[in-house]
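These are my notebook entries on one structure. I wrote down what I looked up, entry by entry.

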Amino acid sequence: MGKVTEPAPGEYGPPEPASEGASEHDTRGDHGFFGQPRPLVHIFGVEMWERFSFYGMQGILLLYLYYSVADGGLGMDQAAAAGIVGAYGGAVYLSTILGAWLADRLLGSERVLFYSAIVIMGGHIALAALPGFLGVGVGLVLVAFGSGGLKANATSVVGTLYSEHDPRRDAGFSLFYLGINLGAFLGPLITGLVQDTWGFHWGFAVAAVGMALGLTQYAFGRKGLPAVASVVPNPLPRSRRGLVIGVAIAAVLLIAVLVLTGLVNAGNLVSWVIGATIVAAVSYFVVILRSQRITSTERSRVYAFIPLFIASVAFWSLYQQQFTVLTIYADEQLNRSIFGWEMPVPWVQSINPVFIIVLSGVFAAIWTKLGDRQPSTPIKFAVGTALMGVAFLLFLPFAGGGANSTPLLWMVLILLVFTVAELLLSPVGLSVATKLAPGVFHTQMVALFFLSVALGSSIAGLLAGFYTVVNEATYFGVLGAIAIVLGAALWLGRKPVLRLMAGVS
């Protein structure tokens with residue numbers, strides 16, 4: 001496989017420069033892990049097993065929610081179940097903001113990563129051991145917060161293993177992202193097979209065991225990480241800690257009141273998450289644009305990010321339906337028979353990581369070969385968004401069919417288009433967020449990109465509710481057409497956007 005520095009499905013930003021002082025931990029002579037610093041194997045391991053547990057659990061979650069009690073599920077309405085999955089996906093990306101804040105102000109990246117892994121394992125244990133909706137509620141809250149904390153800090157911990165100009169840096173991140181995709185590939189395969197054979201709680205237990213393996217390896221290996229990985233870059237003054245604790249307690253109490261009074265419930269949870277994400281995103285944009293600490297050029301670049309943000313939301317609104325609509329579709333209409341054996345539904349989730357592993361190297365080579373001649377960011381965003389629309393239109397030939405009406409190879413083709421669209425937008429979006437960011441708001445701009453993923457993921461859950469009640473051809477046709485129109489609009493507006501980007505392409 002060629003040089004790969006692209007992240008897995010919307011997961012992580014581009015490799016960040018090593019923190020100041022990273023060179024104090026000299027790893028130039030350490031080639032113990034495929035030519036890389038030996039501590040990388042432990043971050044690789046915890047990340048691979050975390051992705052294994054995350055995607056393994058997510059592969060069976062929706063089925064668990066809407067399958068009948070007789071089939072081992074909770075018997076929820078499909079629309080409400082899809083809404084919960086969408087809200088959970090949005091909450092994961094929302095919590096990356098909290099994870100980054102904890103690292104920057106209180107604990108440092110390494111400690112947040114370690115504690116987050118513990119929280120994630122607790123969430124999977126809750127899903128496996130606690131009955132019914134209690135297990136779902138406790139488990140998803142813990143996994144969402146833990147995954148957000150881990151996402152926000154794993155990349156920066158890897159960065160501390162290298163000095164800024166270490167020639168092994170890109171190759172090290174390639175290994176790291178390979179671990180991500182190996183976990184994303186293996187998780188649905190194994191948990192899906194176990195769930196299909198022994199039931200949902202055994203599937204969740206496998207996810208918990210996977211996370212436990214990663215956590216155990218990391219617990220022993222974290223001692224070898226450089227001291228800079230535990231540095232708190234911008235410590236919160238002691239005088240303000242009481243205020244922060246008070247705000248946190250008030251937030252928890254407010255959420256508890258909303259839940260206990262029924263204002264927040266399974267039916268409208270996704271709408272609350274969408275609302276919270278919109279408020280957070282608008283607040284970020286307002287704070288940055290109104291700041292007196294940025295230049296006019298930086299302000300122009302932030303304005304340029306707005307249409308890219310909108311395109312990203314549209315993209316993720318369709319792409320994240322892999323875990324909602326595509327799961328229902330695979331369960332009810334996909335012909336999963338392979339030489340007389342029926343493939344478990346969650347195995348469909350493992351198709352995309354295979355394409356990511358194969359094609360990310362191809363895309364990296366293409367952009368490297370083209371150099372300055374490669375398409376601009378607005379064009380990549382436009383084509384990526386439009387391609388997601390095309391992927392949805394590919395459902396139309398078999399829309400409305402009965403059981404086993406869609407060939408497995410056709411679904412493979414659809415997910416191939418998903419992957420190509422993703423590689424045009426996801427890593428590019430994370431990269432451009434750092435390039436357009438004002439100097440004093442670098443982290444906040446990356447957070448904004450994650451908020452576009454959070455908003456899109458939540459909308460994917462909301463849209464899935466319509467899938468269960470409208471004509472299938474109408475659903476796929478309308479959403480596909482909207483994405484294509486948005487992509488075309490961004491293509492047509494590429495020159496004004498590039499002017500606002502002020503030299504960034």
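**Entry 1: salt bridges.** I looked up the salt bridges and found a count of four. A salt bridge here is a side-chain nitrogen of Lys or Arg within 4 Å of a carboxyl oxygen of Asp or Glu. Side chains of opposite charge can pair when their charged atoms come close. I note that this is a predicted model, where local features need pLDDT of at least 70, side-chain atom pairs count only at pLDDT 80 or more, and totals for chains, interfaces and linings use all residues. Residues are numbered from 1 along each chain as its sequence is written, and side-chain values use heavy atoms, with hydrogens and water left out.

**Entry 2: Glu342 and Arg336.** I found a salt bridge between Glu342 and Arg336, with the closest N and O atoms 3.9 Å apart. I then checked how covered each partner is. Buried means under 20% relative accessible area, exposed means over 50%, and partly exposed is in between (1.4 Å probe, protein chains only). Glu342 is partly exposed at 46%, and Arg336 is buried at 8%.

Entry 3: For the pair Arg51 and Glu50 I noted 2.6 Å, N to O. Arg51 has a relative accessible area of 0%, so I list Arg51 as buried. Glu50 is buried too, with 1%.

**Entry 4: Glu110 and Arg222.** Which parts of the chain does this pair tie together? The salt bridge itself has its closest N and O atoms 2.7 Å apart. Glu110 lies in helix α3 and Arg222 in the loop between α6 (200-221) and α7 (238-260), so the pair ties together parts that are 112 residues apart in sequence. Helices (H or I, at least four residues) and strands (E, at least two) are DSSP runs, numbered from the N terminus. Glu110 is buried at 4%, while Arg222 is partly exposed at 23%.

**Entry 5: α3 and α4.** I looked at the axes of helix α3 (residues 109-129) and α4, which come within 7 Å and cross at roughly 155°. That makes α3 roughly antiparallel to α4, a term used for angles over 145 degrees.

**Entry 6: nonpolar patch.** I found a nonpolar surface patch of about 550 Å², made by Leu98, Val119, Leu134, Val138, Val141, Leu142 and Phe145. Patches are made of residues with over 30% relative accessible area and no salt bridge; like charges are joined within 9 Å, and nonpolar side chains (Val, Leu, Ile, Met, Phe, Trp, Tyr) within 5 Å. Helix α4 (residues 132-159) gives the most to this patch, with five residues.

**Entry 7: positive phi.** I looked up Phe339, which is not a glycine but has a positive phi of about 55°. Phe339 sits in the loop between β1 (337-338) and β2 (341-342). Is Phe339 buried or exposed? With a relative accessible area of 87%, Phe339 is exposed. Asn404 has a positive phi of about 60° and is not a glycine either. I placed Asn404 in the loop between α12 (377-393) and α13 (408-436), and Asn404 is partly exposed at 44%.

Entry 8: Ile43 lies in helix α1 (residues 40-66) and is buried at 0%. Arg169 lies in helix α5 (residues 169-198) and counts as buried at 9%.

Technical notes
Areas by Shrake-Rupley, 256 points an atom, 1.4 Å probe, with all protein chains shown as cover. Axes fitted to C-alpha atoms, helices over the stretch in contact; angles between N-to-C directions. Parallel < 35°, antiparallel > 145°, perpendicular 65-115°, else oblique.
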